[in-house]
Number of protein chains: 2
Amino acid sequence: MSIKVGILGYGNLGKGVEQAVAHNADMELVAVYSRRDPATVKTVTGVKVVSTEVLDAGKEDIDVLIICGGSATDLPEMTPKYAALYNVIDSFDTHANIPVHFGNVDAAAKSSGKIGLISCGWDPGMFSLNRLYAESVLPGGTAYTFWGKGVSQGHSDAIRRIDGVKDARQYTVPVEAALEAVRAGKNPELTTREKHTRLCYVVAEDGADKARIEEEIKTMPNYFADYDTTVNFITEEEMKQNHSGLPHGGSVIYSGTTGDGSKNHVIEYKLTLDSNPEFTGSVLTAYARAVYRMNERGENGARTVFDVAPALLSPLSGEDIRAHML
Amino acid sequence: MSIKVGILGYGNLGKGVEQAVAHNADMELVAVYSRRDPATVKTVTGVKVVSTEVLDAGKEDIDVLIICGGSATDLPEMTPKYAALYNVIDSFDTHANIPVHFGNVDAAAKSSGKIGLISCGWDPGMFSLNRLYAESVLPGGTAYTFWGKGVSQGHSDAIRRIDGVKDARQYTVPVEAALEAVRAGKNPELTTREKHTRLCYVVAEDGADKARIEEEIKTMPNYFADYDTTVNFITEEEMKQNHSGLPHGGSVIYSGTTGDGSKNHVIEYKLTLDSNPEFTGSVLTAYARAVYRMNERGENGARTVFDVAPALLSPLSGEDIRAHML
């Protein structure tokens, strides 16, 4: 019997989940649920599109709903709402608001007897797991997180909002010297500027003042002002040809000592991803399996990746996992 | 209230655990249990040494017994025996015999209502986790495990058994070209010889035939015959000065695709360890906390790292973990 999955929201992440579900033989995609008119949405795999109004009735035959909305406004409302009806999972990544979001989802999921797993993906998600494993094994060490090289959609959007900008792509790039110092176990103290640089490709509108655009980017608070930022103006054609993908990745590097402090150990978890949304969708899909299983054995309430025993992610039996992966 | 830990067996690994427990404020080391005469054993931290006969009575006030014996003969007997009396954890690493060992420990631990966690450390252990996480997220990809650069005690011992050898140290070294091809997502097919080389430092006895020793090493079946092996003869002094540590490490690198197969993703988990036994001891200690907690909430039977929710490894509360590590 397959695990019946629904997807709520059909942007890049929703498409990533759709394709990931197709790679898992024990899962079946029931529908994509959209706030748009279903007739206007065409899915990659041909799965049907259903209005969220139908979903809201709470009668859909799905084991887990994977919610693919934005953290700013969608998820704080959607995840608790649907946790009151279905097992749900989201990729909420506004760190400061995680405790409140967890509380809201926990209350809703307990009321329905369902599981609501929040903040899943790679950061938060797989990176979080590696911070926790490392700190638990080597207490008192130092964790460093580097992102990139990869496209930051938030930073790309921020550039697009500048007057005279037609299109933009921003890459976050880790500083190689900082990475090497951390990998060597030197425990450097690093400022924001010393960890990452920002590389921007901008298509300007005809006749726009490029010097002004560049200045506006480089001085933008929070997004760019604290970083060494490079701005390259390119043509629309170059943008399409060289920057249409959404690669990303990064490393969690943890350095800690044992014994009398003279023995140092470095743990690195590194991701190099051709497609951020397809990988994130794959993580959500594996955790959807765990959500279903936890609920099947009678659990309910909010969860994070920290609460999920790794074996629950695999379609294989305990015997098979022990024989082939241990 | 502290978690009360006992250590059974006091070699390098036992000392690693002893020092790791001292780094965890919520744990207390009750005793080292030894088959040797306790009066002849001096511990690093000064903790008392008690005869295993006392342990065998089953009345020791310990929450978890960390068994630091060898996989060949000690653990297959010890772990089931003590799982019938205490919560236990071991680092059993004879892959082919894991199913049998798991079964034996499961039966014993169920009879006593205790938990027996087997095959913990870094490989098996942290490396196993990373194989499972990666395969679950990107089903159908390829996992590569590289070891080193690091000292293999089994291979060092094998050289020491050769006639005319006074001392020996063997380093397992991953082949850089193979590592780079895997990291680049090229999915190479690699023979044993293409993945690792073996680097040996040997102190020969006075007048020993070095050419014969070198030949015996290089042609030794299983251990060396399938590898490119380099043998260096050194003095006792050089051995002591340059090769007295037990560094190790390695990488699990997993490569898999999403979507239509055109998007590749590479996941690498890499360890660089100054001391293999101190790091392994630290992993065992973190999992001892989880073993205690699982038993406290009423679970019993055999477990592996796959069955342990990551949050159980940390002394921090769920709230703290979510606020600081997610």
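Tutor: What follows is a discussion of a predicted model, taken topic by topic.

Student: How many residues of chain B are in contact with chain A?
Tutor: In chain B, 58 residues are in contact with 58 residues of chain A. The copies meet through the same surface, because 100% of the interface residues of chain B are also interface residues in chain A.

Student: What area do chain B and chain A bury between them?
Tutor: The two chains bury about 5,300 Å² between them, and 67% of it is on carbon and sulfur atoms.

Student: How many salt bridges are counted between chain B and chain A?
Tutor: The count between these two chains is zero.

Student: Which strands pair across the two chains, then?
Tutor: S13(A) and S13(B) pair in the antiparallel sense, over nine bridges. Within that pairing, A:Glu268 stands opposite B:Lys270.

Student: In general, what do strands pair through?
Tutor: Strands of a sheet pair through backbone hydrogen bonds, in a parallel or an antiparallel manner.

Student: What does S13(A) pair with inside its own chain?
Tutor: S13(A), residues 263–273, pairs with S12(A) in the antiparallel sense over eleven bridges. One position there sets A:Thr257 opposite A:Asn264. The hairpin of S12(A) and S13(A) has four residues between the strands, and A:Gly259 takes a positive phi near 60°.

Student: Which other strand is joined to S12(A)?
Tutor: Strand S7 of chain A, residues 142–147, is joined to S12(A) by six bridges, and the two run antiparallel. In this pairing A:Thr145 stands opposite A:Val252.

Student: Why is S12(A) described as largely enclosed?
Tutor: Ten of the eleven residues of S12(A), residues 248–258, are buried, so the strand is largely enclosed by the rest of the structure.

Student: And how many bridges join S12 and S13 in chain B?
Tutor: Eleven bridges join S12(B), residues 248–258, to S13(B), and these strands run antiparallel. B:Ile253 stands opposite B:Glu268 in S13(B). The hairpin has four residues between the strands, with B:Gly259 in the turn at a positive phi of about 60°.

Student: How many residues of S13(B) are buried?
Tutor: Eight of its eleven residues are buried, so S13(B) is largely enclosed by the rest of the structure.

Student: Changing topic: what is the strand order in the open sheet of chain A?
Tutor: That sheet has seven strands in the order S3-S2-S1-S4-S5-S6-S14, with parallel pairing. Its edge strands are S3 (49–51) and S14 (301–303), each of which pairs on one side only.

Student: What joins S3(A) to the sheet?
Tutor: S3(A) pairs with S2(A), residues 27–34, in the parallel sense over three bridges. The bridge partner of A:Val32 in S3(A) is A:Val49.

Student: And which helix lies across S14(A)?
Tutor: Helix H4 of chain A, residues 98–112, lies across S6 (115–117) and S14, running at about 140° to S14(A).

Student: Back to salt bridges. How many are there over all chains?
Tutor: A search of the whole structure finds 34 salt bridges. Among them is the one between A:Asp157 and A:Arg160, whose closest N and O atoms are 2.5 Å apart. Both residues lie in helix H6 of chain A (residues 153–160), three residues apart, about one turn of the helix.

Student: Which residues are linked with them in a network?
Tutor: A:Asp157, A:Arg160, A:Asp167 and A:Arg169 are linked in a network of salt bridges.

Student: What about examples in chain B?
Tutor: B:Asp167 forms a salt bridge with B:Arg160, with closest N and O atoms 3.0 Å apart. Another links B:Arg183 to B:Glu180, with closest N and O atoms 3.0 Å apart. B:Arg183 and B:Glu180 both lie in helix H7 of chain B (residues 176–183), three residues apart. B:Arg183 is partly exposed at 23%, and B:Glu180 is partly exposed at 39%.

Notes. Residues are numbered from 1 along each chain as its sequence is written. Chains are lettered from A and ligands numbered from 1 in the order in which they are written. This is a predicted model: local features need pLDDT of at least 70, side-chain atom pairs count only at pLDDT 80 or more; totals for chains, interfaces and linings use all residues. Side-chain values use heavy atoms; hydrogens and water are left out. Two strands pair if DSSP finds at least two bridges between them. Contact means heavy atoms within 4.5 Å. Axes are lines fitted to C-alpha atoms, for helices over the stretch in contact, and angles run from 0 to 180 degrees between N-to-C directions. A salt bridge is a side-chain nitrogen of Lys or Arg within 4 Å of a carboxyl oxygen of Asp or Glu. Buried means under 20% relative accessible area, exposed over 50%, partly exposed in between (1.4 Å probe, protein chains only). Buried area is the accessible area (1.4 Å probe) that two parts lose on being put together, summed over both.
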